[in-house]
Structure formats: C-alpha cells, structure tokens
Amino acid sequence: MSLSMAHQSPLVSIPKKTTEEVDWTTPIRSAIAQSYGEDPDNYAAECANLQRCRQDAVKGAGSDMTARDLLYKYFGQLELLELRFAEIRVNFAWRDAFTNKLITQTSIAYEKASIIFQIAATHSAIAAAQNRSDPEGLKRAFYYSRTCAGMLTYINDNFLHAPSTDLSREVIKFLVGIIMAQATEIFFEKCTEEKKGNTLISKIAAQAAFMYTALSDEVKEFMGKGIFDRNWVTIIQTKAKYFTSQAQYFRALADNAAGKHGDALVRFQVAETNAKEAHRTASSFASLFVTQMSPNLPPDAGPSLSDLTKAHLALCTEKKNEAQRENDLIYNAVLPSPDTLPAIEKTNVASIITIQDVYATPDVQKVIGPDLFIRLIPLSVHESASVYSEEKAKLVRGEVEKADEAEAEVKSALDAMGVKDGLTRFKAIADGALGEEEIPAEVRRWREDIALVEEREGVEGLMAELNRLKDSVQRELDSVSRDLEIESRDCEAMRVKYDHLWTQAPSASLTKSLRQDLKSNYSALEAAAASDEQVVTLWDSVKAEIALLLSPQVEEIFRASTEKAGAGSENLLDLDVASESQDDEERAKIRQFVDEIEERLSRLNRIGRERNEVLKDLKEKVQSDDVSHLLLLNRRNTGVESTLFAGELEKFRPYQQRLAATVHHEQLALQEVSQLWRGLKDIAGRGPGARKWEERERRKKDTVRRFSHARDVYMEVRDGLAKGLQFYNELTELTSSLKRNAKSFISSRTVERDTLVGQAETQKRLSSTTSSPPPPLAEKPRPPPPSRTSLDGAFASMNIRGHAPTPPQQQLPSQTSWSTTHRYSSPPPPPRPSQPPSAPTRASMLPPPPPAPYQPSAPPSDPYASLGIFGSSATSSSSTTYSTPPPSTSSALPPPRPPPPPQQQQQPYVYTQNQPPYAQHQGQQSYPPPQSQPAYGGYPSYQTPPPSSNGSLPPPPPPISYQSQYGSLPQPPPQGQQPQQQQQGQYQYQGFPPPSAPQQQPYGGHGYPQGYGR
C-alpha cells in the first residue's frame, strides 16, 4: 500500500438545508376540485401519502443510503405532481445551508431545488464517508462525488434567481469545483494504488493541483462574506500545494526513467519545496482543528492531512537526495531553471453524472415507486393517449387482415386442388388395399340420434298408444249412439202407448246437434284410421333398415358394400399389369408423394398456429401498453407526440416481422404442395386402381343414401305419430264432452218422461169417470196405412223414402229409421181452430220443461296440415253448413198466437261444423246427417222455429193442411181433446231435414289422400 493510501486524504462534504412543516393536503384538494372537477375525498389517501413522503425525506433523515432513497422518492413524486398541478401554491420554508436564514417561497420549483440540494449534500457525505483503501469504497466515493456535482449543475442550469445564498450560481459553481477536485483526487488515489504509469499519474496530479489552486483563489472571496468554513480554506490551500508536489514528483520519476536526470533532479527539488509548504500548512491546521467547528469534515481531518503531507515530504526529500548523489557521481547533468521546465500536461479524468442518468436507473425507479396520483390524468393527456390507442388499433387491424387473407388463400387453394379429400384416396391406393372402412360420420350421427330417441320413446310404443286412444274413442262414440237410440225408442213407445195424451217432444228434433257431432266424430275417426294405416305402412317399409342401422352389423354393411368393388383383385393399384414389381414401384412413388404432401400440410398447420400465437402476443402487448405516463412527462414539450408515438410503435416491430415471415413461409409451402399434388395426380390418377376406388366410393354413397332414406322416413313416421296422438287426445276430449252432454240430455228426458207418464195415467182415470166419454179412437184422423197399435206397427209406418210400408222386421235400436226425411212440396196446413181448454185442465197437463238445447261442438281441427309423408293424393273438405232447427222451448204450452203470413219464412238456425281433420277419400261415401222419423200418426212435420232473442214464446208453426195429403178433413175430435191435440201439433216429431247438398271437395284443397297429410 502506498503512503498516500496509508494516510487517507480528508474530503469536504456539503452541509444540508433544514426545513419547516409544509401542508400539501389543502392546496391539492382545492386543485382537484377546481381543475379536475372530482371529489377530493377520493384522493385523501394519496394526499396523506405525499405528506408522509416529504416528512420522511427532510425530517430526521441522516446522510446514508436510506436518506438518499427517501429523497429520491420525494423528488420523483414532486416531478409528477408538478405535471398535474403546475399552478399550485404551497408555502415552502427552507433555511440556508450556510447562513441559516429562513426563506419561504410558494413555487414548487423552490421545493425541487432545495430537495436536489439535499440529494447533492447526501451524495457528498456518502462519498466522504467511504473507506477508500477498499476498492469498492473507492468506486462508491468516485461515483457519488460525480453524481453530487451533477445534481448541483442541474440546479444552476434549471433554476434562476435563487432566493437563498446556498442556491446562488456562484456558490453552486464553487461547490461543484470542490466536488470535482475531490473526484479527481479519488481517481489519483486509485491510479497510485494500481501503480499506473508515472506520466499518467503526474497528469492527474497536475489536474487536481490546478483545480485546487483555482479554488484557493475563489475561496478567499467567499471568506470575506462569511459563507464557508475557515477550515475549508486551509484544506484547499494545503491540497493545492500537495498535488503540485505530487505532479512534480511523478514527472521527475518519469524524466529520470527517460534519462533526463537533470530535469528529474530539478523537479524533485520543486516537489520537495511544495511538500514542505503543504506540510507546514497541514501541521498548523492539525493543531487548531476542532471537530465541532467543522461538522462537514471528517473527525480526523487534521491529523490525517498532516500525516499525509509529512510522508510525502519525506519521500520527496529521499528521492531528491538520491537523484542529487547520482547526478554528482554519475550523470553530471546540467540543472535547468525550474521556470524553464516543460509544463506538466493535465488530464480531466472525472466527469459529472447528470440527474437524468441517475433517475434512469432501474434501482432509482423502483425506489420512487408508482405515481401517487396515477388515477388523476389531465384531459390533454387523455386526448393524446386516445390518439395513440387509435394508432395501435390501426396497426393491429392491419396485421389481422393480413393474417386472415393469408389463411383464406391457403384454404381456398387446398380446397380448389381437393388435397384433403383426395389424399385419403391416394393413401389407400398406395397401401394396395381398401382397409377397414368405418361408419361415415353422418351415418354415425343418425344412428346416435335415432338410438337416443328410441331409448326415450320408441315408435312401437307410440303406435300402441295410438291404437289404445283410437279404440277408446270408438267405444265412447258407440256408447253415445246406443244411448241416444234407446232414449228415442223409449219416447216413441210411450207415445204409442198413450196416444194423444203423450206430450213429450220427439227426441229427433232435440238430438239433431248431438247426432251431427256424433256423425262428424265418426267420420273423423274413420279418416284417422285410414291415415294410421298409411303410417303403419311407412313404418313397415323402413323398420328393418332402422333396426339394421341401430345394430352392430351396420359396420359390416359398409365394409361389405366397399369390398364388392375390390372383389377379385388383391391389389387396388393396377397401373401396369406386366409385373408385380412395377406395381410395387408405382405404389412406392405414390407413397412418397403422399408423405411429402402430408409433411407440407403439417408445416402449413404449424405456420398457422405460430401466426395465431404471434397475433395473440401482439394483441396482449398492445392492450397492456400505456403511454399516459410518458405523455404526462412530456406534457410541457409541444410537438413531440408524433415522434413519441412513432418511437413507441417501434416496440411492435418484431411482432410485425414475425407475422410477415409466417406469410412468406406459408406461400412457399403452398407452392410445394401444388407441385407435389400435380405429380401425384399424374401418377395415380389413371389405371384400374383409380377406377376401383371410384366404384368403391359409389357403393359407399349408395349405402349412405339407403340409410338416409330410412332415417328420413323414420322421422316422418315419428312426426305423423306425434300429430296423430295429439289429434286423438283432442278427439278424446271432444268425445268425452259429447258423452257428458248426451247423458245429461237422456237423464233430463227420463225425468220428464216419468212425470208425463204419471200425468197421462191420471188423465186416463179422469177421462174414464166423466159423463160423456171421449169419442172412440176410430174417429180420429187416420193416415192411409192401417192403424197399428203396437210399437212394431208404429215403427213400421216410419218408412225411409216414402214407399209402401214393408212387413215389420226385427231391427237393432241403432238401425231404426232415424235417418230418413220427408220433404214436402207445400207447407203443412194450419191446425183447425179449437176452443182452449179450461185453466185447470191445461194446468194439470203441463209437463216439466225440457232440457236446454245441446250446442254442438266441432271435432278437433287438423294438426297435420304441415305433414307431407303421404304423397300428393290426400283430400280435404271445406266446412259444411247444416241447417239445424233449434229445439222447442217448452213441452206443453198453451196454443200460440196465429202464425205470420206464409211468405215470411223463418230463418233457420245455421250451425257451421268444420270437417274432421281425418279427411275422407275422394271416392268414399260421405255420411249424411241423421234423418228423422216421420211425424207420429202420419202427420207431416215441420221445423220448429228458433227461439226469439228476447226470451218470449216462439212464434207458432205454419198452418197444417190435411187436405194436401188425404184430400178430406178428418172428423174433429171431441171438445175435450182439442187442447191436447193442439199441443201435440205444436210438438210434432221433427226429423232431420236432408243437408242442403254441401259441395264435397278434397280435404284441404290439395288433392292428397285422406289422413294426416296436407
């Protein structure tokens, strides 16, 4: 270790400023409310953090690394804060570092300059405190001396009109000079320790001597003003002499080594002289130095400087004596004058480190941390950021469009060549066999769908349910028809038994609507049964195919269908039948082409995946890129946005280059695929092998079409069954309603009939006890056929088409002659006037009121109009209008008023009944509405007029002309029977008039056969 390192030279550090408390919160809250229009309470935490950040930086912090970091952070936040609140005014109170004078300013610039001064003072203290005997300590001392000078230079360059002495340009310049001189001194120590060349060391020492000499002249002026410590003057003057001596000493060593012994001896003498002066000054300083008086100097500054100069003086004296002796004994060189010696060159080895370089390091940025008010972005920064975002979006859109175009080009090229579909074919040809053929994807999908549907609800189960509903409807309709026939026959039996005493209205007029609904439902049921047969036929036609499709043997079916094409030949390739070796060679060539094409296709897929990954990375990078911070930092610089944006967009240049490379490689691979495909088609696209492949594909497609047809028919069958079940459910509801109405009607009629039987029996007994017996029955008007007193005779007189009565025969109730109608060419004659009976007699013969007339209900409308499974011959019928006479409103009422004139015909009640959805065949006989029996006793019947809207009694029937049928009037009945006969004339048996010849047309108007079809 050299003597200079054994005795470390003391370094001067800059004193720190002191400050008072500052209130940041109130001015910032006011600025947020006024300039940004936001709620200051939302930024209470940020204000508190800023306040605490200042206190940590300027209160109680020492001069070590921790103090440095706190000052770094606070100054960084001040920079960001000034960009948001440029016009904010806060009272900053700082005391001068040299005069201790308190100075208050409201500008953020003053706060920033003071903090930078604090950072510079901290750096100088860190440099002075380092142990320079350690290489790392030497480096830190050199670095922090340069950064300290950089901080001070920034103050002089950016802050004018300093309000305090310590920030004035002269003082700052002097401090920079001291720090840079000390930095040069540190570098001199480093070179001495490393034993660099004597010439270099002498130049460095000359630079340090020059700087200290200049400072010793300046410091005298400041001493007169009482700014700096007096000990600073002593140290500067001592070091000026010391480094002058060092420069001469090392130059003497260099001259001596160069053979300039005279020059060397003179320089040793000059070095000794300056060393003596430096030692004398240092000795005086050491004796008077008090540590408390100079806190910015090391505690051992006096002894250290004295020892340093003493050691150097001893060295200079030793070398001078040695050189003098050698020159006297050996060289005898002429000694030049010291003034004539060449001047020692100076080398500037220490340069300042700017504040920008300090804050650009990652460590300092990490110390500063995130922007405290990052949520508070000025409007101008928002606008600039949106412009940049649009630039980024434009870049991304351009790259996405290029990628999409490249992908579409590749796909269209491969599709145009048919590579993907044809490659399987050529691969099979190269293998020389068909291989096992799996079920095609579409057939497998059909199989899975049908299996799932069948597992949930099979077709057979649906058909069983359909038949059950159909049988249930048939039984209900048969029951209703049978009950109505029995009720009608019972009524007529009572009429025959009691003759004119029976006043219950005939059933036919009251059950016409019921019978019309019954007939409509029967027709719908018959048409639905025909449609059911067609569905069953369709199901039977595809049942075996569906079972085969669902069975495991379906794969064998496809294999068998394709093996038929290759039967009789082991080799699918037969390009040259001359020899088997030639076939092998051709297959090998085809295999080579196929392998190469597959490799190119795999390469294309990899390129596409890589491009997608690059695009994804680009989008994520663009999404996460935020330049608001940079825009905020450059807010004061106008016109830099375009340059800034261009520089920031360069970050995405590597992604763009990678995407362009993928497109280029894709084009090359596509060209290779095209060439290989043409070569493969030239070799393998001809010969028996290709023909056998085509035959195999044809058979396979035929099998697929076979199952496709079965699947289509299956779905149509299910559709038809679903619609049929819906239809039968609706028909079941209507049939149930019809049955309820029929039972209600029959029940009411039975009660009425029992009442009338009792009244008729009473009337008979009363008639037998009167003095004037009633005229015999033979005197009543008789119809042309002979009188029949039995029930069979009464039924025998009801003939169907007006022919002579046939001999009586046994008939079922449902086969009685309800279905015939008498039509008259002229209206019946009016009844003969008769005297009304006395009130007691009429009142005693009134029966209970009949049941309310039944309102017919229509069969369900066709829910199968959209089903097209039965060809094009289904029929449909339009709605048919029936003239339904309404029932009588009473059973036994007094004779009505005289009828209206004959030309005023009563408008019949019109009931519009839609045809059932199960249509009839075109050639099927349509069912006419049930026809009524002829009027009891041969009297003509006529329609019962409809009830009036106001609830009054219906108008009387038209007059009955008995001469129109018999030619002469019958004898009038006895006086006592006229009321009953008049009442009986009012309730003459009303049969069903024949329908007004409705125009039968095909059901639905489309000419399809009957059934569920359209």
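Student: What share of the chain's residues count as buried?
Tutor: 47% of the 1014 residues do, with buried meaning under 20% relative accessible area, exposed over 50%, and partly exposed in between (1.4 Å probe, protein chains only). Keep in mind that this is a predicted model, where local features need pLDDT of at least 70 and side-chain atom pairs count only at pLDDT 80 or more, while totals for chains, interfaces and linings use all residues. Residues are numbered from 1 along each chain as its sequence is written, and side-chain values use heavy atoms, with hydrogens and water left out.

Student: OK, and how many helices and strands?
Tutor: 29 helices and 5 strands. They're DSSP runs numbered from the N terminus: helices are H or I with at least four residues, strands are E with at least two.

Student: Which residues touch the most others in the largest nonpolar core?
Tutor: Trp24, Ile28, Phe117, Leu152, Phe228 and Phe373, out of 119 residues in that core. Helix α7 (residues 169-193) gives the largest share, 13 residues. A core here is a set of buried Ala, Val, Leu, Ile, Met, Phe, Trp, Tyr and Cys residues joined through side-chain atoms within 4.5 Å. There's also a second, separate core of 45 residues, with Leu466 and Leu738 among them.

Student: What does Phe373 touch?
Tutor: Leaving out residues up to four places away in sequence, its contacts include Ile28, Tyr43, Cys47 and Arg84. Contact means heavy atoms within 4.5 Å.

Student: Switching to charges: how many salt bridges are there?
Tutor: 45 in the whole structure, each a side-chain nitrogen of Lys or Arg within 4 Å of a carboxyl oxygen of Asp or Glu. One of them joins Arg132 and Glu189, at 2.7 Å from N to O. Arg132 sits in the loop between α5 (108-128) and α6, and Glu189 in helix α7, so the pair ties together parts 57 residues apart in sequence.

Student: Is Arg132 buried or exposed?
Tutor: Buried, at 2% relative accessibility. Glu189 is buried as well, at 4%.
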